[in-house]
Every structure is written in C-alpha cells, then in structure tokens.
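Biologist: I'm new to this one. Could you walk me through how to read it?

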Amino acid sequence: MIMVIEDDRDNRELLCDILGLQGYGVACASNGREALSFLEAHTARDICVILLDLMMPVMSGYEFVDHQRSNPRLASIPVVIMSARWEARQTFTDIPFVRKPISLEELLSTVGRWCLPPPSGASA
Amino acid sequence: MDTSSAQPPPFVRSLEHLLDFVDTASTGLHWVGADGTILWANPADYEPLGYRADEYIGHNITEFHAGREVITDILARLTAGERIHAYEARLRCKDGAIRHVQITSSVLFEEGDGGRRFVHTRCYTHDVTERKRIEQARDRFVSILGHDLRNPLNAITMAAVQLRRSPSLRDVDARMVERITRSAERMSRMVTDLIEFARGLGARMPLRRELTNFGEVCHHIVEETRHAYPSVDLQTHSEGELSGYWDRDRVAQAVSNLVVNAVQHGSPPVRVMVRDGGDAIVLEVTNRGLPIANEALSDLFEPFSRTTGTDGLGLGLFIVSEIVGAHGGTIDVQSDADSTRFVSRWPRGGGQQ
C-alpha cells in the first residue's frame, strides 16, 4: 500500500485516484499527525512507500520525518518528498525528492522503486 | 598609528565637541581591549540593548553576544590585524530580546619597543533588526504564497496529464488537454520566477555545490521540456569532460529557463549544446526565428524585461544571469537574422564543495 500525506484536498484526492487507477492500494492523510495515527495500526510491511508533502498544518512534513525516523517500527518505510521548493532537496539530502508540479511519469517510476508493480489489468 | 587624525580639523575647538559628536551619533561606537573588555561606548551602542553605561562599559563584550562563536571569530580576526566589514551578529538585550547588527571594526595598534601593541578596537555597530524582521516577514509571505498558488496548479497539471493518458480521448479533446497542461506549466514557471525574484532581492544567492555532470543535467531538462512541448524540435549535443562543482538544482533551473525561453520566443529547431571549455564548461542554447532588436539586447537580463514577448513576467533570463553570476560565470547573447544564441560559461569550481 502507498501512503499519501498531502494537505491540499485536490492534490491528495487526485494522487490517490491516479495511484488507485494504476492498481495500487492507497492510504491518504491530510497531515503528518493523521498519518501517524493511521500508521499506529499498521506495520512497515503494510506500506511500501510514503509520499510526503512538506508544508502542512497540524504536523508538517519536516516534523513527520522526525517522528518517523525516531520510531523504530516506522523508520524503515521509504519516504519520497513532494515539494515545489528547491531548498527541500537540500534539507533532506538522503530522501528522494519529486518536484511539484509533479510529473506523473517521474512519480510512477519513483514509486516503482519500492512498490511491486500493480496487478495486470489495472486501467491507466 | 594613523597620523592623519593627529591634528584635529580647525573647526573642532575642543575635546568636548568631539565627545558631544560621538555621544549623539546614531551609530553605535565602542572600543574593546585585547582581553574583550569594553573600554568605552557611546549611548547608541548600549541604549538600544536596554543597558545603562555602567552596566555595559567595563564588562566583557562576549556577555552581550548571543552567539559565542561569532564574537570569538570577530576577536580572533581583529587580533590578527584583519579589518571586518558588516559582519552579521546577534546581540542579547537586557530583557533577553535579540537585536541583529552588522559590525565593522579594526584594531588600533601602536608600535613600541616591545613590538606591536593592541590598544583597542574601533567598532561601528549598525542595527539591522528592523530590516531582518521585514526580510523574514517577506520570506514567510513569499513561501506561503508560493505554496498556495502552486497547489492548484499542480492539481491542474496532474489531472490534465492523467486525462491525456486516456485512450478514448478524441483528437480535439487531446489538444484542449495539451493547452491546459501548457498554460498551467507556464503559470507554474511564473510563480517560481516571482518567488525566486522576491527571495533574492538584496541577497546573495546561496549555492550548494556538489560534483555534477553538466551534460546529464541538460539532458534531463531537455527531456522534461519535451514532455511539455512534444511538437517542438529539440536537439541536444554534448562533448568532452563535463564534470564540475556546481549547485545542481540551480543549474537545472538556469538550463530550464534558457530552453523554455528559446522554445517560447524562438522558432525550432532549438539546439542545446554543452562542451568542455577547459576550466569551465560552455553551454549554448540556440533557436531560429526573428532576431532580438539591438536596443533590447542590453536589457534582456534585467528583471521584468519583456522584450522577447509577453508570455511571462520577464524574470526567467534575469534569474539565469543571477545563477550564472553566483557560480562566477558569464552569459552573453548574440542575435541575428539566422539565429539567437545564448552562450554561458560555467567555471568548474574545483575544490569549492
């Protein structure tokens, strides 16, 4: 399952729809806090990758990364940052980065590094 | 010791006149001894921090600095005979608040039998707290604005790209989707340029240099541009050793601005050529089309220059020249009836990581 953490409703729903259309299972959260609550009931094996926005209310992407890395149960889940800020790549040099506006091809190829290809027959 | 000030100007009739002058100055002035003790200061130096003269003079300067490493560095440089100019520091007020200052200072040395003697520093403190506050508010505003404008643009672009993938789309609909994508990308580029411009006002562009292959960056940008402009003939050519120490993201941004500028304002084919130029690499972006008027060429790299069209804000080439300049490089443009060519040189920055 892919976890999408994005506060902008249109972007969040769109990402979840597109990934769903590709055949992936998707979990969506609108901020870091909501995502951590969801992850409490799941293990690292349930989530193949987390797609993370940075600027969010309640709990930002920066804070989420701090929490996730300090929790041994979640630390091994790969994270991909989605941001329009060039500086974001420089803040997290060890985390893959997809620049907004997101190129669909780039996003799908990045996701494919950690998530098994969706079952054949999924519509594009 | 500098003897030019040994004789006071004739209009200074007494020492009191000089003291009155420095006591009423709006710039903070102080002397510090070799051990860091404040020997003398004018009110503009200690009053903004909330102290009285007796709470400040006679104390060690390090007590008033919020960053110990900063004052340690300043004192070390001064002791070594260096003159510091507009060195940024943070001072702690009596109530705990922080004031941002720029310090300009040098040491008065006296030559004697025992060698050179540190007499005192000559420090001028310029308070920039208000300017810092405005800069921080501006950065916050720009950041929030950028975030809020980009989110809907991102959704428009992604939705359009997903629609384009649909096999049942009619040709006429596909063209509509193409226009949505292109317009959203143009808007997105304008937002990025505007934010870059607002952030960079009055500031030196920070760079994060890393070992980068310039050819690979160009190739990536050309591929990205092909997605946005599938019908444009875009050609790339690279030759020679193209590695160096540059800020990869900034280079990508500059190349992208140059390529999109050529696509939007020129005629195809657009050629992107990058080659080994010895201690620098040379990037040439060429397009065909109408030449740029001679009188417009000189303003091309100025902000809000819209001499080549009205598709954008006129910031793209300005940002390119800022990025090239920050890397110590140069950029030039040649335009004639045959083609328009932007030639930039990017020093490899060996060792500057």
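Modeller: Buried means under 20% relative accessible area, exposed over 50% and partly exposed in between, using a 1.4 Å probe and protein chains only. Keep in mind that this is a predicted model, where local features need pLDDT of at least 70, side-chain atom pairs count only at pLDDT 80 or more, and totals for chains, interfaces and linings use all residues. Residues are numbered from 1 along each chain as its sequence is written, chains are lettered from A and ligands numbered from 1 in the order in which they are written, and side-chain values use heavy atoms, with hydrogens and water left out.

Biologist: Where is Val259(B) found, and which residues is Val259(B) in contact with, leaving aside neighbours within four places in sequence?

Modeller: Contact means heavy atoms within 4.5 Å. Val259(B) sits in helix 8 of chain B, and, once neighbours within four places in sequence are set aside, Val259(B) touches Thr225(B), Leu234(B), Val272(B) and Val285(B). Helices (H or I, at least four residues) and strands (E, at least two) are DSSP runs, numbered from the N terminus.

Biologist: How do I read the elements of chain A?

Modeller: Follow them from the N terminus: they run β-α-β-α-β-α-β-α-β-α, with five helices and five strands in chain A. Of the 124 residues in chain A, 50% are buried.

Biologist: Which residues of helix 1 of chain A are buried?

Modeller: An α-helix has 3.6 residues a turn, so residues three or four places apart point the same way. In helix 1 of chain A, the buried ones are Asn11(A), Arg12(A), Leu14(A), Leu15(A), Cys16(A), Ile18(A) and Leu19(A). They pack against several elements, including strand 1 (2–5) of chain A and helix 5 of chain B. After helix 1 comes Gly23(A), with a positive phi near 105°.

Biologist: What volume does the largest pocket have?

Modeller: On a 1 Å grid over the protein atoms alone, a pocket is an open set of points where a 1.4 Å probe fits, with protein on both sides within 12 Å along at least five of seven lines; lining residues have an atom within 4 Å of a point. The volume, meaning the space filled by probe spheres set on the points, is about 1,200 Å³ for the largest pocket. Among its 49 lining residues, Arg99(A), Glu106(A), His220(B), Ile221(B) and Glu224(B) are the closest to the centre.

Biologist: Which helix gives the most to that lining?

Modeller: Helix 7 of chain B, with nine residues.
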